[in-house]
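Here is a note for a colleague who is opening this entry and would like a few points to check against the picture. Please read the points with the sequence and the structure side by side.

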Amino acid sequence: MNRLSAVAACLLLAACAAQPQPPLASDRVRVTLDADVGSLVRAYRLDGVPERSLRFDDFTPGQHELQVRFEFEVSTGGSVQGVLNSGRRTCIMAVRHNFMPGQHYRFELARRGWRPAGWLYDDHSDEPLARASEVRCGPGV
């Protein structure tokens, strides 16, 4: 019976996670966070104010600075019995943009070796609107 309960709980969690977001109001902006496989990204600050959730809530249009905490895997350069050692690196990345009302944006992050990279896109183009800058990386971030 415990196995059946565990399966039911997993299905319930998956159903909750798969629920679509409500429609975007015409006077708000939505930003989705997207990162490489194996990396973690979460909302950090909006205009200097700390975020309390993993993603940004819909916000008012206009000029804003978004900061995210981006954690990714890096090779430490050594190996044990032929297997590369790897570690995690955490960086704060920021992007500033004049966000338009009713628009959905994507803040995409990727690792480039030991360095992070990021870009802001909208739903209408595959060309980046803005490039993210590295605020800081390292322990305690």
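Predicted model: local features only at pLDDT ≥ 70, side-chain atom pairs only at ≥ 80, totals over all residues.

1. C91 has a relative accessibility of 0%, and because buried means under 20% relative accessible area, this cysteine counts as buried.

2. The link of C91 and C137 is right-handed, with 115° about the S-S bond, and a search of the whole structure finds 1 disulfide. A disulfide is a covalent bond between the sulfur atoms of two cysteines.

3. For the overall layout, the secondary structure of the protein comes to 1 helix and 9 strands, and the pattern read along the sequence is α-β-β-β-β-β-β-β-β-β. Of the 141 residues of the protein, 32% count as buried. The accessible surface comes to about 9000 Å², and carbon and sulfur atoms hold 54% of this surface. Among the contacts in the protein with a separation of 6 or more, 55% are accounted for by residues 24 or more positions apart.

4. Where in the chain is V29 found? V29 is in the loop between α1 (2-17) and β1 (30-35), and with a relative accessible area of 0% this residue is buried. The C-alpha atoms of V29 and F99 are separated by 6.9 Å, although the two residues are 70 residues apart along the chain. Leaving aside neighbours within four places in sequence, V29 is in contact with a set of residues including L24, D58, F59, T60, F99, M100 and Y105.

5. Is H64 buried or exposed? H64, which lies in strand β4 (residues 62-80), counts as buried, because its relative accessibility is 8% and the limit for buried is under 20%. The side chain of H64 reaches the backbone oxygen of T60 at 2.8 Å. Apart from neighbours within four places in sequence, H64 is in contact with L46, D47, F59, V95, R96, H97 and F99.

Methods
Residues numbered from 1 in each chain as written. Heavy atoms only, no water. Disulfide = S-S within 2.5 Å. Buried < 20%, exposed > 50% of the residue type's maximum accessible area, 1.4 Å probe, protein only. Helix = DSSP H or I, 4+ residues; strand = E, 2+ residues; numbered from the N terminus. Contact = heavy atoms within 4.5 Å. Areas by Shrake-Rupley, 256 points an atom, 1.4 Å probe, with all protein chains shown as cover. Polar contact = N/O pair within 3.5 Å; in protein donor to acceptor, adjacent residues only side chain to side chain.
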